[in-house]
Amino acid sequence: MLLQNSKMAVDITSNGIIEKLVLKEDPHQMNWVINSNYLNQVGYTSKDKLFGNFELKFEDKEYRSITIEPTMTYDEATCRLRYSINAMDIVMEYDLSDSNKLIWKIRVENKTNQSFKLQHFSVWSSFAYIMFRDKHVEKNIFHSAALFPSISKDYTKLAVMRRSSQSSSLGLFQSSGSTLSVGSYCEFENKFFEAVSPSLDGVVYHDLILSSTMGLNDDWCYPANPVFLEKKESVEWEFVIMQVDNQEDFYQKAALLGHPQYDYTDLAFVGKTFDLEYQASSSVKSIQIFSAGHQLKNETIQINATSCKMIFSEPGEHKIFLLFENGKEDQIIINVIDSVERIIADRVDYLCQNSYKEEYQNERDVFLPLSNQGESLGKMTLILKLNLLGKMNKSQIEKVERSLNHYVLNKWFEKADFNCPKNVYGDFYRVMDFEYLGHLLFLLSQIPDNYLHFHSSETYLNWASKVVELRINPAKHTRFREKEESEMLGVFFLYLDDLLEALKDKLPNQYKKISMLWENNIFNILEEKSLYKGAMTEHFYDNAGFGPAAASLANAHYHDECEVYADLLLANIGFSNDFRMQNPDRWWEALSYMIHSLWGGISAAAALDVFHELKKPEYLEASYRAFIAVLYCYDSNATSTTKLNPGEAASTFSCAKPHHNRPDLGHARFGQETFASDGGIFSGIFSESIKQTSDWDMGEELVAFLDRFGQDAYCYEKDGKLRLVNCHIDEVANQKIIFNDAPFPRHIFYLDQNDLRIIPNQSNVELFISSSDSCDS
């Protein structure tokens, strides 16, 4: 059954499944839903999770729409499907009678003279979250979407964002009923151990949880809330699906449908004022604050007509609950921390006291857990970076140096010979691993010689150049796989400019060689920018490709070329009323949309580097909110997810609730090794003979943070207001003074139109900013 209006065309099967949803003016004619034809093509089997299917439980009996034949009635613009289940009917209605939207109604009708409870009711809204194993990169860019949820009782919305911000996307907006959460299920195939590149593809199906009696895991932010139906009563949900252009347009469309609009900073600090501004069709009646599942009675709250000020007394997730005069409810989930510096210092202490082992099995001086992948070296890199920024700790530096010389060099090279990489993956090695070692060696070269025990800083600088050459020089490798990987961009954008600057002064011959290789590497990307060559990794299309590509081009000041990849990066970073859903989109390590600490942080760093080149504030804002999500992977004060002790860390947080692949992982913090017991590819990657922990690939992203928001703050003007990022303004002696909130304050950057300049820390704002009378943080 084909329904159409002037904007959309929707194809609905007789079983009630949306097989096709197309925007008529879309030049790419993307199908916005996962469909059975694609599942047949790739051999996936979960047709019961296609858009429009539902699952229901009442009186301890479970029902699935795929087993029920509905009756269908329709006209030119409306289709109605009725599923009869003993005591009730479920009605799905799709209405395109409005020229620019699709209205989706879901109704449950109690046909009996008895009341009952819906123990569970969920509807699959499986938009096209598809990752294609296809070197035709534009297929992944223009025919796939990420999904960023904002959940609340009366104002749930889903941003279904195409993977290019240059093309239109979709928004799903709740207009009646209540949504509890968004779950997911993943199907995938990974050929990492085969000679295949790209090696990975998958789909993630999403469902709207509309009624539930089960509180999943311990996330008090999203409690269970079953629906009760009295005799002959009906309950209805309504969602509006509309085309949106970008994040700003998404919120504008939401406002047209009555959703409140908010403005607030992405991170709050204990004891400091938190400002929340709002615009709504109904006045705010009351605001309540919840933490650790309990309402806080003693927090300071000052409520005005369009704003409020709060001061929080304890760290952890906080739910700001807003009740409006019209009886509707909304919520915002923010994180409150006492000190970013403390989180990082605790982490470094933990690594040196707990992860470091002088003897482990047959190895000396290792940081556990051991791994074949270079990402595991991020632990050591973080230790060095904190020492370079703060007070030097000779014991910590010595442990890193001992591990490098006694374990790391012999792990990845035959007899520590940089010309002889070891096949640590059986019959091949991974060139990407060397960029992490290059960073470790470079930071060691920045340590003063009187803190080093094994070699001089200049020796480590020379080694860093040799390892980076191995990483970016195809001629250093004999096999096609390694040659191809050596031309891919990677995390070395975090330190390459600093390495070249150091080589220029101390090792000019190495500087010339690395500089020339890097120029060739960039040239290859520039030459094939229309093919998005830099968007691919050895695995598939993801932010580990286009993030470093965008940042590398930005740092090399290829402005126009940078924008090609920057567009993909901006589309990748989430936005939501829950800070945990604002991370860069990624799925593989959790089999659901997730915070991934390493690649979330690398993508956040890339976005900030892009901002410095393009001077577009949306990249600055995206970078900051993404980093705030990443810090959650280290936060020991969190109470709504897996508990971490101070210094512990977990590399992923699943944004899905429930996580249908692994119900124990919904809104949990964990590492990819948790899937090893499930067999398949994971048991091959994570050896059961080695004790794995959830932090094996963490650290590099905190170094990226420390080099950026760990030191710098930003402000710019928008709509006559001063926007503050990582800084705040206090009134001191009748003057508005700007303060850098970074743990190691260095610069405050002010974007004045297209000019990014440094302003003094703790200076009078009115001396250099015209709109300082009105400030947003």
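**Note on charges, backbone and cysteines in a predicted model**

1. A negative surface patch is made up of Asp497, Asp498, Glu501 and Asp505. Patch members have over 30% relative accessible area and no salt bridge, and like charges are joined within 9 Å, with Asp and Glu counted as negative and the place of a charge taken as CG of Asp or CD of Glu. Helices (H or I, at least four residues) and strands (E, at least two) are DSSP runs numbered from the N terminus.

2. A word on the basis of these values is in order. This is a predicted model, in which local features need pLDDT of at least 70 and side-chain atom pairs count only at pLDDT 80 or more, whereas totals for chains, interfaces and linings use all residues. Residues are numbered from 1 along each chain as its sequence is written, and side-chain values use heavy atoms, with hydrogens and water left out.

3. Salt bridges come next, each being a side-chain nitrogen of Lys or Arg within 4 Å of a carboxyl oxygen of Asp or Glu. By this rule the model has 43 salt bridges. One of them joins glutamate 277 to lysine 721, at 3.2 Å from N to O. Glutamate 277 belongs to strand β22 (residues 273–279) and lysine 721 to strand β35 (residues 721–725), so this pair ties together parts that are 444 residues apart in sequence. Glutamate 277 is partly exposed at 24% relative accessible area, and lysine 721 is partly exposed at 28%.

4. Another salt bridge links arginine 347 with aspartate 695, whose closest N and O atoms are 3.0 Å apart. Arginine 347 lies in helix α4 (residues 340–355) and aspartate 695 in the loop between α16 (681–685) and α17 (700–706), so the pair connects parts 348 residues apart in sequence. Arginine 347 is buried at 1% relative accessibility, and aspartate 695 is buried at 4%.

5. Salt bridges also link Arg82, Asp89, Arg107, Glu109, Lys111 and Glu236 in a network.

6. Two backbone features deserve a careful look. Most residues other than glycine have a negative phi, and most peptide bonds are trans. The peptide bond from leucine 368 to proline 369 is cis, with omega near 0°, and proline 369 is in the loop between β30 (363–367) and α5 (378–389). The bond from lysine 657 to proline 658 is also cis, with omega near 10°. As for phi, aspartate 60 has a positive value of about 65° although it is not a glycine, and leucine 591 has a positive phi near 55°. Aspartate 60 counts as exposed because its relative accessibility is 59%, whereas leucine 591, at 4%, counts as buried.

7. How many disulfides does a search of the whole structure find? It finds zero, a disulfide being a pair of cysteine sulfur atoms within 2.5 Å. Cysteine 655 is in no disulfide, and the nearest cysteine sulfur, that of cysteine 633, is 9.4 Å away. Cysteine 655 is buried at 5% relative accessibility, and cysteine 308 is buried at 1%.

Definitions and conventions:
Patch = residues over 30% accessible without salt bridge, like charges linked within 9 Å, V, L, I, M, F, W, Y side chains within 5 Å. Areas by Shrake-Rupley, 256 points an atom, 1.4 Å probe, with all protein chains shown as cover. Buried < 20%, exposed > 50% of the residue type's maximum accessible area, 1.4 Å probe, protein only.
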